[in-house]
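Have the viewer open as you read.

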Amino acid sequence: MQTEYFNVLECWHWVMKIISIFSLIDQIWKPLRMDATSCVAPLEVGSSSVVDIQRKAVGPRLGHWTLIDSPRVLCEIHCLWFPVHQLLSQDDLCITAQGTDFISIEETLKDALSGLTTYYEVNHVANPAKTQVCAFHLRNKEAKRQLNVSWCGTPLSHSEHPVYLGVTLDRYLTFKTHFTKTKAKVSTRNNILRKLTNTRWGACPKTLRATALALCFSTAEYACPAWERSTHAKKLDPTLNESCRCITGCLKPTNTNNLYILAGIAPPVIRRAVASRTERRRQTTDERHPLHGHVPAPSRLKSRKSFLNSTAPLETTPSEARLAMWKEKLNNHPHSPTMHIPAAESLPPGDNNWAKWKCLNRLRSGMGRSREALSRWGPTMFDCGTEPQTMEHLLRCPLLGGPCTAKDLALYNTKAQQCTNHWLDII
Ligand SMILES: [Zn+2]
């Protein structure tokens, strides 16, 4: 049991550190490195009212006073006596402790908190009602065990899913709840994206792609170096596939490999892996990184994929790495060979008109509303009397001026434009 606690809490430990990187580096370390004295505006202890503190708390100097003026200093002093680690970001202070049983952890946390009481009371910022505790372990028989920790005489509430810097945590660190929440958030944003396409006017494909990357992909990839190795991470992919369908106008049965090529975006699993490897490179090379030089705990359980043990530092630029991994994925799982469009992080040739762009992509991917496809709801109908109207027939139908090939569609040349104009609003 001891090792289980050790491993899990070690994992928790780095998770919290990784998450805090985003704001810590920008808000705290950089200014302090530039000029340790001129940037700092210490809070006048004892003279500030609660309102004054709140005003400062939302100001740009927040990171400075929290760093210099106390919680961090107090915590560092306390670390000498108590086996606790503190993590500070913006106005949130997080204290972590690890041990072999719940009672010793409770005692450790109580001692650490009692040392902070004086500072918080003097500055009127102590709020035990807003402070939460959570235990991370794999001991299933004590899954419902709550930590009994009090601060300033108030018992702290136990939270099963605490949120730290926008990431929802859980006892196993599988991030399952985080994915459920993120999925809902991205779905809402997909609805916004769909609004841009559901008229005949539509937005131009470049705008749609930029909007999807800014609204949906950025939300789905937030803090992904911390959680991308979770088995539940792939649950986010269907919502991102939907974002790509909004960009390309493709239908639901379209092959996802084709979908991402047409949208000009690398698949989510590759984007997350590269983000993680970029973070690993920073951890290795940047001395300011909170995990720089950290020795990882020995791995015992196969299911625990620690960031330091299972992520290799990136050796090229992120875009090159994404492209190389994408091409390798396509080689291992060949997509439809008829598209003739190479994988690239930009849109393939096409039309700015939404209706034409949508029709072109359905012709390219071979998945559209052809009469053959609609025949499952009724008898097959012929448009030109030669053969059933399949997606392949659309390219060689006698009603067109001349046959069009997949290569023509990939290049969007005159033949492809004629073909697209013919089947516009039909498929
Ligand atoms: Zn025909």
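Let's start with a helix pair: Lys-356, Cys-359, Leu-360 and Leu-363 in H14 meet Cys-419, Thr-420 and Trp-423 in H18. "Meet" here means contact, that is, C-beta atoms placed from the backbone and lying within 7 Å. Sorted by class, the contact of H14 with H18 has 5 nonpolar, 1 polar and 1 charged residues. For the classes, Ala, Val, Leu, Ile, Met, Phe, Trp, Tyr, Cys and Pro count as nonpolar, Asp, Glu, Lys and Arg as charged, and the others, Gly among them, as polar.

Some ground rules. The model is predicted, so local features need pLDDT of at least 70 and side-chain atom pairs count only at pLDDT 80 or more, while totals for chains, interfaces and linings use all residues. Residues are numbered from 1 along each chain as its sequence is written. Helices (H or I, at least four residues) and strands (E, at least two) are DSSP runs, numbered from the N terminus.

**Helix pairs**

Axes are lines fitted to C-alpha atoms, for helices over the stretch in contact, and angles run from 0 to 180 degrees between N-to-C directions.

| Pair | Axis distance | Angle |
|---|---|---|
| H14 and H18 | within 9 Å | roughly 105 degrees |
| H6 and H7 | 9 Å | about 170 degrees |
| H7 and H9 | 9 Å | about 170 degrees |

How are H7 and H9 oriented to each other? H7 is roughly antiparallel to H9. The cut-offs: angles under 35 degrees count as roughly parallel, over 145 as roughly antiparallel, 65 to 115 as roughly perpendicular and the rest as oblique. On the H7 side, Pro-205, Leu-208, Arg-209, Ala-212, Cys-216, Phe-217 and Ala-220 meet Leu-240, Ser-243, Cys-246 and Ile-247 of H9. That contact has 9 nonpolar, 1 polar and 1 charged residues.

H6 (residues 176–197) and H7 pack at about 170 degrees, so they are roughly antiparallel as well. Their contact includes Val-186, Ile-192 and Leu-193 of H6 and Leu-208, Ala-212 and Leu-215 of H7. By class, 9 nonpolar, 5 polar and 2 charged residues take part.

**The core and H10**

A nonpolar core is a set of buried Ala, Val, Leu, Ile, Met, Phe, Trp, Tyr and Cys residues joined through C-beta atoms within 7 Å. Which members of the largest core, with its 33 residues, touch the most others? They are Ala-212, Cys-216, Leu-240, Cys-244, Tyr-260 and Ala-263. H6, H7, H8 (224–227), H9 and H10 each supply at least two residues. Elsewhere, a second, separate core of 13 residues includes Leu-394 and Ile-427.

Beyond its neighbours within four places in sequence, Cys-244 is in contact with Leu-259, Tyr-260, Ala-263 and Ile-265. H10 (residues 256–263) is mostly covered, with 6 of its 8 residues buried. Buried means 20 or more other C-beta atoms within 10 Å of a residue's own; 12 or fewer is exposed, and in between is partly exposed, with C-beta atoms placed from the backbone. Helices H7, H9 and H14 are among what covers the buried residues of H10.

Leu-165 isn't a glycine, yet has a positive phi of about 50 degrees. Leu-165 sits in the loop between strands E7 (163–164) and E8 (167–168), and counts as buried because it has 20 C-beta neighbours inside 10 Å.

His-340, also not a glycine, has a positive phi of about 60 degrees. The loop holding His-340 runs between H13 (318–332) and H14 (354–365). With 15 C-beta neighbours inside 10 Å, His-340 counts as partly exposed.

Note on methods:
Contact = placed C-beta atoms within 7 Å.
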